[in-house]
Amino acid sequence: MDFTLKIWRQENAKAKGRFETYNITGISADCSFLEMLDILNQQLIDKIEKPICFDHDCREGICGACSLYINGHPHGPDTGVTTCQLHMRKFKDGDTIIIEPWRAKPFPVIKDLVVDRSAFDQIIEAGGFVSVNTGGVPDANAIPVPRVDAETAMDAAACIGCGACVATCKNASAMLFVAAKVSQFALLPQGKIEAKERAINMVAKMDELGFGNCTNTGACEAECPKNISISHIARLNREYLTANIS
Amino acid sequence: MSNFLTSSIGKKLIMSLAGLFLVTFLLVHLGINLSLIIADSREPFNKAAHFMGTNVIVKALEFVLFGGFLLHMIYGVVLQLQNWFARPTRYKKENYSQTSFFSKFMIHTAVIITVFLVIHLFDFYLKAKFFGDVPLVVYDGKDYHDLGILVIEKFKLGWVVVFYIACFLLLAFHLLHGFQSAFQSLGINHKTYTPLIKAIGVIYTIAVTAGFIFIPVYVYFWM
Ligand code: HEM
Ligand code: FES
């Protein structure tokens, strides 16, 4: 398959970026999107040009490192997958593919397609954890958890923190991410102890970092590679409200 | 609590409560308007308008209404500005995801509704309240403002009717997203109730918009 790629190139955080056009030919339909970029980078290196920087790590959809806003969609046109799991067969031969970095004030571009997502780490530090004492491993079934709650918490825990929700949201809101993290703990007995401070502190941090306000457009849910539902956002709203009035 | 009112979620909560209050207000307003064309005379309409203008409880509610509008509008504008600032560099190829279509135009429909509101206030509310140049009519030996005739005169003008209808179609856009969105903002999201809320929102929007639009059309063509 042959493609025309329009890729955002930016030397560093301060530099002014621009789109560069690259033509790539002879790509297998079974090639993953990142492998296609690897091939392009090898060609650039062979020509003694600077390769394109992009984030990746596990390449199996579990780490949340890969990103890329591809033809108007974070993680590309396929649903329920990350960019590393996206295959070139999802495109048509001869397509023009526009590749952009995540765009949001709290996610500044570091270089080319790589953005600084440490804002998410700061939100997690504000409350996305349970405090446990060190010591022996507790008995697995000592604390009973209703099955539905366990399943719903697990759905929320599927969030890999990739930032696609922010990238796709017209408001650059991080609500789905924060909602997934708050939900995951709010449903479990271990998380309930710190539920109040968690909701308040994580939301405060999210606002402070300059993410937008959620207006319930549902774009995040549609684009989330882990199909996390906005019902978790409603739970966050409840958690936040009750934390503030109790 | 002070942090709550300025937080992203707190703002949406205030907006949703104010928005739902406005949703009920629209129903009341529509009911009164319909009395103008349902009855043979303007008497029920003028009396209802008089009641709304003089009753103590309604007058108190009027403050709540203006407060509700102001809160909704101020929070709405602040929210939107912050949301624009949150993405200083826009995408070359914008979002094409299949999401709630009307949610993308809330601020745009809001601007039109605001323009309409200002015109509307000058045309009727402020006229009746302060300027006094409203014709009078006597029912049972008592003077009433004949607001009904003002309405009918307005709706005999073709361009007024067209503008009015356009505004209400845009209000419908606002409500098609807003109604169900308000419940999500309040934390209400449920397997069975949310689809029900969405259905009620669509029915409400269609009914209210059709009701409001029917009045000028009726006055223009058949009165
Ligand atoms: C009778 C008139 C109006 C009604 C019934 C109404 C109703 C609503 C409702 C129910 C929402 C959803 C709130 C939420 O999701 O929490 C909403 C959102 C919104 N309203 Fe209104 N509204 C009206 C007039 C206005 C006006 C005059 C403005 C002017 C600034 C405005 C600006 C907004 C904005 C910007 C939003 C978007 C917020 C969001 O999407 O979350 N509205 N409206
Ligand atoms: S590289 Fe790990 S999720 Fe894509």
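Guide: Donors are N, O and S atoms within 2.8 Å of the metal (3.2 Å for Na, K and Ca); water is not among the atoms, so sites may look incomplete. Six donors count as octahedral if opposite donors are over 155 degrees apart and all others between 65 and 115. This is a predicted model, where local features need pLDDT of at least 70, side-chain atom pairs count only at pLDDT 80 or more, and totals for chains, interfaces and linings use all residues. Side-chain values use heavy atoms, without hydrogens and water, residues are numbered from 1 along each chain as its sequence is written, and chains are lettered from A and ligands numbered from 1 in the order in which they are written.

Visitor: What arrangement do the six donor atoms around the iron atom of ligand 1 make?

Guide: Ideal angles for six octahedral donors are 90 or 180 degrees. Here the angles run from 85 to 179°, which makes the arrangement octahedral. The protein donors are His72(B) (NE2) and His174(B) (NE2), 1.9 to 2.0 Å from the iron.

Visitor: Are His72(B) and His174(B) buried or exposed?

Guide: Buried means under 20% relative accessible area, exposed over 50%, partly exposed in between (1.4 Å probe, protein chains only). His72(B) is buried at 17%. His174(B) is buried at 13%.

Visitor: How do the rings of Phe168(B) and Phe212(B) pair?

Guide: Rings of Phe, Tyr and Trp (its six-membered ring) pair if their centres lie within 6.5 Å; planes under 30 degrees apart count as stacked, over 60 as edge-to-face and the rest as tilted. Phe116(B) and Phe168(B) have centres 5.5 Å apart and planes at 80°, so they are edge-to-face. Phe168(B) and Phe212(B) are stacked, with centres 4.5 Å apart and planes at 20°.

How values were computed. Tetrahedral: all angles 85-135°; square planar, octahedral: opposite > 155°, others 65-115°.
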